[in-house]
Amino acid sequence: MGSMPEKPRHGFGSLVTGLQEVCESGRTKDLAWRRSQLKGLLRLLIEKEEEMFDVLRDDLGKHRAESYRDEIGALVKSVNHTLRNLERWAAPEKAQAPLVSFPATALVVPEPLGVVLVFSCWNLPLGLALEPLSGAIAAGNAVVVKPSELAPATAAFLATNLPKYLDPRAVKVVLGGPEVGEQLMEHRWDKVLFTGSARIGRIILTKAAKHLTPVALELGSKCPCIVDRLDSKRDTQIAVNRIAGGKWSVCAGQACLAIDYVLVEEEFAPALIEVLKSTVKRFTATPECMARILNEKHFKRLSNYLKDRKVAASVVHGGSVNPKTLTIEPTILLNPPLDSDVMTEEIFGPILPIITVKKIEDSMKFVRSKPKPLAIYAFTRNEKLKSRIINKTSSGSVTFNDAVVQYVVEGLPFGGVEQSGSGQYHGKYSFELFSNKKAVFKRSFLIEFMFRYPPWDNGKIGMLRHVFNTNYVLLLLGLIGLRR
């Protein structure tokens, strides 16, 4: 069996031990095994596409186009990229050996960490489970995936189908709620990747400390979008298309990379808002064009933002809610109070505050006053402004003139900084996250320098100075007795 529907009676000790034995056998380290598992994952994505559309619709109300764009298609692209590059990533990498050690060879050899645990999140329940899984497999590890219980249809799909397409001895799916997650964290893992809220991330870190388990955290944040004055109507419309897409078409804004709020100059704000209004109406002309809110708890949280009297007064578009369908109309706020919950907490929903500034340069001061975000977005043709944003702000990523698309660029790492997370993955960075870069240094018995050993004297100190200052001419002269 490759899945476990609930917590075993005596915990997960036998599960972890069994996976450790698989790793010790060398089974997962074999490159052919890794390739076969990645190909199995591709077959799953292709053969079970319709079922995946169904479960994502059941859990989140996602349209099949959104599901393919953000999860299934992105995964196919990513796994193919990994298959094309796996042999090169897994090969030992030559490093420079100091001349004084000649003849010598220095290598960096990637090796699997062992048994890793992946906690995925509910908003991209396939992508956030299978993307790190593919990287962990590529690196040669055994893996346990703990899907979010808040996306039950997708979790059940993974538990049923991963054992059919992947090696059930080395890849396990464990279902259950928070108590199961806590029980899993009682055991020693060689790596844990957690995607979710900062609150749960703190619990994961606390549990991991018991075994000194290394943890990568992919957390949320308030991702700002800086919109510079754009001279042409075409540029403005393209920017608004991408802002609207980066806010409302990615799980209805329930995504860690979604735009949280917009910063724009006072004079340009009215024009921007008018184009945003017309664009969002066009993008959400039918109900199925936008995912629904996850559940009643999250719906109530978002609705409460809009019940704040001062926030309600800032609504310039939308604002209607439907508790029966768990839907909230795409909502635009203009200058809501900065101390309101909607501006101090991650929104994670279809509400977009627009904050005006006197000059666009002031936006950077605003961003720096907040915790470092997972992403910063900026729409501008001004190269100096781009440079200032890069150099004067800190974030997991910066994307100019688009939003969210950096997530599917395999050559870029995905991850946060400080409160928005730690550790990076995607593409080669996934391989590296789940690998140990082992340093290997090979020397011969040909040459021996006795000045590296006691008893010490000033002459040996002089020779050591030549070595550490890489002054090999003086070292050679000293060795043959021509210089002291």
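## Notebook: a buried alanine, a covered strand, pockets and cavities

I began with Ala-170 and, skipping its neighbours within four places in sequence, I found it in contact with Leu-19, Val-22, Thr-28, Trp-33, Ala-142 and Val-143. I am working from a predicted model here. Ala-170 sits in the loop that links helix H6 (152-165) to strand E6 (171-174). Is Ala-170 buried or exposed? I looked up its relative accessibility, which is 0%, so Ala-170 counts as buried, the cut-off being under 20%. I also checked Gln-20: this residue is 150 residues from Ala-170 along the chain, yet their C-alpha atoms are 9.1 Å apart.

**Confidence**

I looked at pLDDT next. The protein chain averages 95, and 98% of its residues reach 70 or more. Over residues 5-10, however, the pLDDT is below 50, and I count 6 contacts in the model for this stretch beyond near neighbours in sequence. Where pLDDT is low, predicted coordinates should not be read in detail.

**Strand E15**

My next stop was strand E15 (residues 351-357). Why do I call it largely enclosed by the rest of the structure? Because 7 of its 7 residues are buried. I went through both faces: Ile-351, Pro-353, Ile-355 and Val-357 are buried on one side, and Leu-352, Ile-354 and Thr-356 are buried on the other.

Which strands pair with E15? I found strand E10 (residues 259-265), parallel to E15 and joined to it by 4 bridges. Strand E14 (residues 331-334) also runs parallel to E15, again with 4 bridges. For landmarks, I noted that Val-264 has Thr-356 of E15 as its bridge partner, while Thr-331 is partnered by Ile-351 of E15.

I then turned to the largest pocket, whose volume is about 1400 Å³. It is lined by 46 residues, and those closest to its centre are Gly-196, Ser-197, Ala-198, Arg-199 and Ile-200. Which element gives the largest share of this lining? It is H8, with 7 residues. Helix H7 (178-184), strand E7 (191-195), helix H8 (198-209), helix H11 (296-307) and helix H13 (341-344) each supply at least two. By class I have 17 nonpolar, 15 polar and 14 charged residues in the lining of the largest pocket.

The second largest pocket holds about 390 Å³ of space. Of its 22 lining residues, Arg-69, Asp-70, Val-250, Val-404 and Val-405 are the closest to its centre. Helix H4 (64-90) and helix H9 (233-248) are the elements giving two or more residues to this lining, and H4 gives the most, with 5. The lining of the second largest pocket divides into 12 nonpolar, 5 polar and 5 charged residues.

**Cavities**

How many cavities of 30 Å³ or more does the whole structure have? My search turned up 2. The largest cavity has a volume of about 90 Å³. Among the residues lining it are Asp-70, Glu-71, Tyr-407, Glu-410 and His-426. H4 and helix H5 (127-138) each give two or more residues to the lining of the largest cavity, and H4 gives the most, with 5. I was pleased to meet Asp-70 again: it is one of the residues closest to the centre of the second largest pocket, and it also lines the largest cavity.

The second largest cavity is about 40 Å³ in volume. Its lining includes Cys-223, Lys-247, Cys-256, Asp-260 and Phe-348. I sorted the lining of the second largest cavity into 6 nonpolar, 2 polar and 3 charged residues.

Terms used. Residues numbered from 1 in each chain as written. Predicted model: local features only at pLDDT ≥ 70, side-chain atom pairs only at ≥ 80, totals over all residues. Heavy atoms only, no water. Buried < 20%, exposed > 50% of the residue type's maximum accessible area, 1.4 Å probe, protein only. Pairing = 2+ DSSP bridges. pLDDT = per-residue confidence, 0-100. Contact = heavy atoms within 4.5 Å. 1 Å grid on protein atoms, 1.4 Å probe; cavity = no way out; pocket = protein on both sides within 12 Å on 5 of 7 lines; lining within 4 Å. Points joined across faces, edges and corners; volume = space filled by probe spheres on them. Nonpolar A, V, L, I, M, F, W, Y, C, P; charged D, E, K, R; others polar.
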